[in-house]
Every structure is written in structure tokens, then in C-alpha cells.
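Welcome! Here is a friendly walk through a structure that may be new to you. Have a look at the model, and then we will go through its parts together.

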Amino acid sequence: MTERSLAPRRYAPAQMERLRILLVEDDEGDAFLVRELLSEAEAPFELTVASSLRQAREMLTDIECVLLDLGLPDAEGIDGLRKLLAVAGSAAVCVLTGRSDEHLGVQAVAEGAQDYLVKGQVDGVLLIRSLRYAVERKRADENARLLREVELLQAESARLERGLLPKPLKKDDFGIEVEPFYRSGRAMGLLGGDFYDVVQVGDDKLHVIVGDVCGHGVDEAALGVELRVAWRALILAGVPEEYVLSALEQVLMTERRAREVFATVASAVIDLPANRATVRVAGHPPPVVLSGGKAAPVAVRTGIVLGVRPTPTPATELEFTGEDWSLLMYTDGLIEGRTGAGDERLDVDGLCKLLDEPEARAKPLPELPEWLVARADRDNGGPLTDDVAMLLISRGGGR
């Protein structure tokens, strides 16, 4: 039978990180005893002593664990614990008191303390072990909280996605196909303020829009949803096309959280029987036409962004050549990536060159938007940092 030693266990200092502790204790004798207990455990620590809660508030920087006495000159009992917890941040808080009161201990832990220790009932090894466990529990609680926040943000993102990225509302007349695409550039896949929509009115008019609310986050995404829904409502209500963007700008200026928030949009009304379109661009990159084996930007008359100085957005008439063409509309996240080691950006001309490459021409149209983003990622040396939204509207062979 193997014999087991009953001697107090000692920590191996070289294997442990130094524990940074703040003791909040107004009794110098008790503070001395705590330091002796910690030294007895032979574990690495750094102890700072505050004699009041007010003093402790100024000493919390870089502290991992706080040992709190419940009888201080400026804080008494559970009320003192609550005040400390309110400012402790990521530091674990353990109560170390002379009050051997089980009910008080349960209440202290319920309020947020990681542990409740009674003076005279702990030795050095137990004390240092309790503090390290408390620090790890606090880290686990913080990680669980952060994970929960991420889950809530992702759930919010999923709800917003249904508003930002609708199904095209169109008929199957005239051989028109629409390929929508969206990819978030945000961490954890959260949406930004990019949006698109497609609505066919009657048998002959196809209305399309791609927009980008400045900034990133839930507020911008929510505003993008509002603009997208407002645009669809305006189209379905039969508002004349020359007034749609002005009305959309009024919605933006009413609903935005700050005056500096603006949006860029590119919209088009495609006359299907006439094989032509009216394009309006407000501070947005121009659409690109694929036709006759070539890609070229539409020579648009560009208006200013929505939300800065209300001004009618000029219209540009576009005549499609033949029955095989595509109209690519996109947000600037697609063309802002680098194209090499320098600061040169892809930009509109670079996008057209990509579309003219043999590999791009060989891609089926439904796969083309995803291929474009993959190529832009590769040339950028990593994923694009901004959101990317695209609409590829095609007729016939699409090129």
C-alpha cells in the first residue's frame, strides 16, 4: 500500500502566474495576517492594501482579485459589497470577514461575490487556492457573458437579414434572371447597412436598388432595413420614379440616429419591352454592363449621397444592345480591396478587368458574384473588410 503524506501542500512557484490581489481592510493587524497567510503558501502573489472603499476604487487597475472586509469606515456589510462590485470590472471579488454567518455568506455570493471566507478558518494554502479558483470562475462568467452577447447579436443579425436581403418580387416574363449576393465583412458574420431589393411592377417595369448606409452595426443595419422596406412600399404605391429617391431621403433623415449618417444608392428602372433602363446613382459606384463579351461601367450622372443636402438625383438613360446582357449593381465593399502589395485599390476599372477575364466569362452567371468576391479576397491578400451586396440582373445569355 502506497503511503500518502498529510503535510500541507505547497505550490510550485515556477509553474504559476503571479496573482495580483487587492486587500480592502482597515485593520493593520488583519492585513498583516493575510500577507503572512499568503506567504505561507509559497505561491507567487502581489498584494496591495486599501484601508477604505474610496481608496480601493483608485487601486483596481490590473487587479485580478479583491479581498473585501465587510466592516469598513465608509462601507458596511452587503451594501459595501454592492458598491465594490459596481466598480470591480473584471476583477474577482471574495469576501474575507470575521462574521461567521452562513446566511450572510449565501447573500454575498448571490450578490456577485465569488467566495465568502471567514477569518481564522482558512490557512494560507486554502486562501490562495480560493483566490485562484475565484479568478477562474470570474473569467468563466465573463466568457459566458461574452458568448451570450455574441449569440444575441447573431440572432439579431439573422432577424435583420430577413429585412435587408428579401426575395426578389418579380415575374418570369422576358427571360430576366436576378442573382442576389450578400456577404458580411463584420466580425462574427454580423450584418452592416448594405441592402438590395427587386420589385416588378406590372408586366413591363423592373425596379432594382442597391444601397449602403454609412457605418457598421445593428443601428446601421436596422436603418438599412427601414430604407429597403420604404423603397419597396414607394414602388408598390406607384410613386413616380423621379420622386422615389427624394422620398427615401426623407425617411433616412427622419429615422437616422445622428445627422452625420448618410446612405449611398444605385437604382434602376428597367423597361423590359423597350430593352432599356433609367439609372440613378446617389454617391454610389456606377453599375457595370456585361454585353458583347465586354464589361463596362455605365456612364452615369452621379448625384450626392442621401442625407447631406437634399437634391434630386439625376437620371441616366441606358440602352441595352441586343438581347444578351447583364447589369451588375454592387456596394463599394467589393471594389475597395487592394490589388497587390501597394495601396492601389480594385476600383471600378479593376472590376471590369476581372469580369473580362476568361475565367470570369466561363463562370455560369449564378456563380459569378461569389467568384468576384473570392478573386477580390485573393488580390486583397485576405478577406475584404467591408460588407458586399450585389445584384446581377441578366437577360438571355447575360453577356
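Two strands count as paired if DSSP finds at least two bridges between them. Helices (H or I, at least four residues) and strands (E, at least two) are DSSP runs, numbered from the N terminus. This is a predicted model, in which local features need pLDDT of at least 70 and side-chain atom pairs count only at pLDDT 80 or more, while totals for chains, interfaces and linings use all residues. Residues are numbered from 1 along each chain as its sequence is written, and side-chain values use heavy atoms, with hydrogens and water left out.

**An open sheet and its helices**

Let us begin with an open sheet of five strands, whose order is β8-β18-β17-β13-β14 with antiparallel pairing. At its edges are β8 (176-183) and β14 (294-297), each of which pairs on one side only. On average, neighbouring strands here are turned by 15° against each other, direction ignored; axes are lines fitted to C-alpha atoms, for helices over the stretch in contact, and angles run from 0 to 180 degrees between N-to-C directions. Within the sheet, β17 (residues 325-330) and β18 (residues 388-395) run antiparallel and are joined by six bridges. Leucine 327, for example, has isoleucine 393 in β18 as its bridge partner.

Two helices meet these strands. Helix α8 (residues 347-356) packs on the sheet, where it touches β13 (288-291), β14 and β17, and its direction makes about 165° with that of β14; contact means heavy atoms within 4.5 Å. Helix α10 (residues 368-380) lies across β8, β13, β17 and β18, and runs at about 140° to β18.

Next comes β12 (residues 276-282), a mostly covered strand with six of its seven residues buried. Buried means under 20% relative accessible area, exposed over 50%, and partly exposed in between (1.4 Å probe, protein chains only). The table lists the pairings of this strand.

| Partner of β12 | Sense | Bridges |
|---|---|---|
| β11 (residues 263-271) | antiparallel | seven bridges |
| β16 (residues 315-319) | antiparallel | five bridges |
| β15 (residues 302-303) | parallel | two bridges |

**A helix pair**

Helix α6 (residues 218-236) and helix α7 (residues 241-255) have axes that come within 10 Å and cross at roughly 145°. The residues of their contact divide into 11 nonpolar, no polar and two charged. In this count Ala, Val, Leu, Ile, Met, Phe, Trp, Tyr, Cys and Pro are nonpolar, Asp, Glu, Lys and Arg are charged, and the others, Gly among them, are polar.

**A ring pair and a histidine**

How many aromatic pairs does the structure hold? There is one aromatic pair. The rings of phenylalanine 320 and tryptophan 325 have centres 3.7 Å apart and planes at 5°, so they are stacked. Rings of Phe, Tyr and Trp (its six-membered ring) pair if their centres lie within 6.5 Å, and planes under 30 degrees apart count as stacked, over 60 as edge-to-face and the rest as tilted. Phenylalanine 320 is buried at 8% relative accessible area, and tryptophan 325 is buried at 0%.

Finally, histidine 216 sits in the loop between β10 (205-213) and α6. Histidine 216 is partly exposed, with a relative accessible area of 42%.
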